[in-house]
Protein chains: 2
Amino acid sequence: MNTNATSGQKAPTQKIDPAAFAQQVRNKMDRKTKPPGSLGRLEQLAIRLAEIQQDLNPKLARKRICVYAGSHGVTAEGVSAYPTVVTSQMVFNFISGGAAINVLTRHAGIEVHVIDAGVDAVWPDDLLKEPRFYNRKVRAGTRNFLQEPAMTRQECEAALEVGREQVRLAVADGIQIIGIGEMGIGNTSAASALIVALLNFTAEEAVGRGTGVNDEALVNKVRVISEAVRKHGERAGKPRGEYWLRCVGGYEIAAMTGTILEAASQRLPVVIDGFISTAAAAVAFEMQPEAREVCFFSHRSDEQAHGKTLAALAAEPLFDLGMRLGEGTGAALAMPVLEASAKILCEMATFDSAGISEA
Amino acid sequence: MNTNATSGQKAPTQKIDPAAFAQQVRNKMDRKTKPPGSLGRLEQLAIRLAEIQQDLNPKLARKRICVYAGSHGVTAEGVSAYPTVVTSQMVFNFISGGAAINVLTRHAGIEVHVIDAGVDAVWPDDLLKEPRFYNRKVRAGTRNFLQEPAMTRQECEAALEVGREQVRLAVADGIQIIGIGEMGIGNTSAASALIVALLNFTAEEAVGRGTGVNDEALVNKVRVISEAVRKHGERAGKPRGEYWLRCVGGYEIAAMTGTILEAASQRLPVVIDGFISTAAAAVAFEMQPEAREVCFFSHRSDEQAHGKTLAALAAEPLFDLGMRLGEGTGAALAMPVLEASAKILCEMATFDSAGISEA
């Protein structure tokens with residue numbers, strides 16, 4: 001069955017009837033030594049993975065998370081609890097292995113790529129030589145989207161391409177599942193603005209505390225998002241996804257959108273992390289609704305708008321552990337669960353092979 | 001700090017003030033490079049693990065799940081969708097590595113012990129020679145608890161001891177966290193009867209479909225549980241936990257209760273699986289309320305009474321994936337998350353060490 005043992009992504013050359021294949025996968029799952037359906041979502045995940053990989057034995061041994069970083073002009077409006085320099089400081093932390101995402105990916109055997117999609121920093125040569133670091137800076141941070149569009153059309157295209165490139169690299173390297181994460185002080189503001197514009201939330205519904213702003217700053221953040229979406233909405237261009245991404249998005253958000261879009265066309269499963277990457281998914285689904293087929297939502301973040309955003313996208317996350325750090329930390333916890341589900345389909349005995357009586 | 005690097009369980013010889021130590025652990029967590037609290041429950045789990053192990057660097061590298069099996073006399077009442085012989089057939093499946101618990105534990109680097117606490121089967125020599133198999137049969141299945149107490153006082157004591165022994169073995173082997181799981185056709189009936197008796201649920205509230213009984217069999221199952229609890233309640237002995245465990249429990253359930261009780265006295269973290277092991281925990285907490293301090297509830301099972309039981313015990317599970325297989329499968333998914341949380345405390349950089357600006 002597996003015509004793609006090496007890459008795990010390329011469609012096999014012979015034509016597979018999707019409905020017939022889906023039935024084959026379900027039949028295989030139902031012969032396993034357990035009451036039918038008793039592994040719940042693990043069974044559904046395994047079946048989806050098999051369908052995406054078009055393989056009755058889906059494989060997720062090779063896993064990678066891409067952490068995209070970008071700086072945000074809108075931080076000039078006082079929307080974050082942390083100074084903007086933290087974005088570049090955290091890039092060093094990702095490379096030196098001390099961040100939460102490093103701990104969680106080492107634990108789970110997941111590779112990490114760190115991609116500068118638009119950080120306001122000049123990198124030392126040491127960092128530029130790091131094999132896991134991708135210097136793909138589109139610009140040294142977005143413009144302040146309360147005043148003007150965050151990026152130009154060309155910059156937005158370039159940022160989408162930064163994310164697409166990572167999928168091509170992943171497929172070439174034999175990666176079987178990719179996760180997305182981000183770092184960008186100010187990016188909950190960009191994500192909130194995107195979901196106000198694309199999912200019709202009010203600013204109050206869409207704005208949360210991010211890294212932890214106080215009550216006063218929260219009121220200001222709501223005002224900034226509300227005002228920005230009103231302004232850019234006056235001459236809303238089409239297509240909507242691209243328009244809003246460029247007006248109120250971020251370079252790291254656009255890169256994540258690019259990753260999702262390219263993963264969909266390459267049939268590579270993508271694990272979405274928290275609020276920011278879900279906003280990137282909302283943009284991707286606006287641009288190409290079928291992209292949702294390769295997406296797995298890892299967790300419901302503690303950022304207050306995330307649950308609503310997931311619901312609006314009809315996305316059911318795997319767990320809710322009250323996390324709100326980003327970086328891909330939720331994706332890192334979800335990937336081993338996804339791999340476990342795939343192994344259920346690959347490795348479990350059947351009633352026949354184990355000689356077990358049936359109901 | 002770590003005076004127990006090898007076993008990870010024994011209390012250090014010097015006296016540690018619990019409140020002062022708890023503060024030390026929280027301080028350590030709050031210096032990590034993330035907004036305070038932004039890893040949500042991972043932070044709380046890590047702190048609990050540190051407190052249980054009395055170690056600022058909690059370690060869960062060595063993990064084991066004990067799968068206890070037992071047969072149930074109450075199956076004579078037609079309470080299960082599967083024939084009772086499946087219990088012994090599944091023991092072979094556990095040993096040959098084809099069951100769901102084998103797949104999930106191999107995936108996560110967890111050892112498995114399979115313990116016959118009271119299976120109605122005569123084992124072949126081959127099985128008895130398996131190093132991972134423990135032949136600790138108290139009796140070839142419980143008595144039908146609708147007619148008489150499921151076990152005698154002596155049998156119940158012996159089954160508790162079967163579970164205690166596994167903790168002593170684990171500690172001697174340097175295991176740092178233990179999980180419990182079970183196999184026993186008919187044991188959702190025993191678990192339901194226990195929670196009716198101990199947590200004051202009605203039989204309707206406490207009874208679910210188990211491996212998958214139909215509507216008619218469900219009505220019968222409710223009747224059996226209701227009637228059995230009424231009968232044994234007429235001369236309810238004390239202590240309550242032991243009384244009900246012996247009247248309506250099972251050998252594998254009593255063994256799990258024993259594991260929890262012994263783990264509490266050895267300060268070994270225990271991961272609870274689904275509905276049956278939660279019923280065993282309810283008995284353990286009735287017998288010794290402090291036992292809850294070492295317990296981690298892995299998941300909310302799809303068995304309809306499990307959510308209520310967890311709520312009644314004020315236990316918050318890590319996830320809800322609609323699973324209802326037992327065997328320790330939920331515990332196997334939870335253990336890597338617990339280990340990840342411990343590594344956050346051990347491995348993450350601090351604001352100072354990474355040179356990151358603060359809020």
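Through which surface do the copies meet? They meet through the same surface, because 98% of the interface residues of chain A are also interface residues in chain B. Keep in mind that this is a predicted model.

## How the two chains pair up

## What the interface is made of

On the chain A side, 53 residues take part in the contact, and chain B brings 52 residues. Together the chains bury about 4200 Å², with carbon and sulfur atoms giving 65% of that area. Three residues stand out: Tyr82(A), His107(A) and Leu321(A) supply 15% of what chain A buries against chain B, more than any other three residues.

There is some charge pairing here too, with 2 salt bridges found across the interface of chain A and chain B. If you'd like a pair to look up, Arg106(A) and Glu347(B) join their side chains in a salt bridge, at 2.9 Å from N to O.

## Inside chain A

Helix 12 of chain A covers residues 275–287. At 1.5 Å a residue, its 13 residues should span 18 Å, and the end C-alpha atoms are 19 Å apart, so the two figures agree. This helix is mostly covered, with 11 of its 13 residues buried. Among them are Phe275(A), Ile276(A), Val283(A) and Phe285(A), along with a run of alanines from Ala279(A) through Ala282(A).

Setting aside neighbours within four places in sequence, Leu338(A) is in contact with Leu45(A), Leu49(A), Leu60(A), Ile177(A), Val271(A), Phe296(A) and Leu318(A). The C-alpha atoms of Leu338(A) and Leu42(A) are 7.5 Å apart, even though 296 residues separate the pair along the chain.

Take Cys66(A): the nearest cysteine sulfur belongs to Cys295(A), and that is 14 Å away. Cys66(A) counts as buried, at 0% relative accessibility, whereas Cys346(B) counts as partly exposed at 28%.

Most residues other than glycine have a negative phi, and most peptide bonds are trans. A few spots here go the other way.

A cis peptide bond links Lys238(A) to Pro239(A), with omega of about -5°. Pro239(A) is in the loop between helix 9 (215–233) and helix 10 (240–248) of chain A. Chain B has a cis peptide bond between Lys238(B) and Pro239(B), again with omega of about -5°.

Then there's Glu327(A), which has a positive phi of about 70° although it is not a glycine. You'll find Glu327(A) in the loop between helix 13 (306–312) and helix 14 of chain A, and with a relative accessible area of 1% it is buried. In chain B, Glu327(B) also has a positive phi of about 70°, and this glutamate is buried as well, at 1% relative accessible area.

Notes: Residues numbered from 1 in each chain as written. Chains lettered and ligands numbered in written order. Predicted model: local features only at pLDDT ≥ 70, side-chain atom pairs only at ≥ 80, totals over all residues. Heavy atoms only, no water. Disulfide = S-S within 2.5 Å. Buried < 20%, exposed > 50% of the residue type's maximum accessible area, 1.4 Å probe, protein only. Contact = heavy atoms within 4.5 Å. Helix = DSSP H or I, 4+ residues; strand = E, 2+ residues; numbered from the N terminus. Expected span 1.5 Å × (residues − 1). Buried area = accessible area lost by both parts, 1.4 Å probe. Salt bridge = Lys/Arg side-chain N within 4 Å of Asp/Glu carboxyl O.
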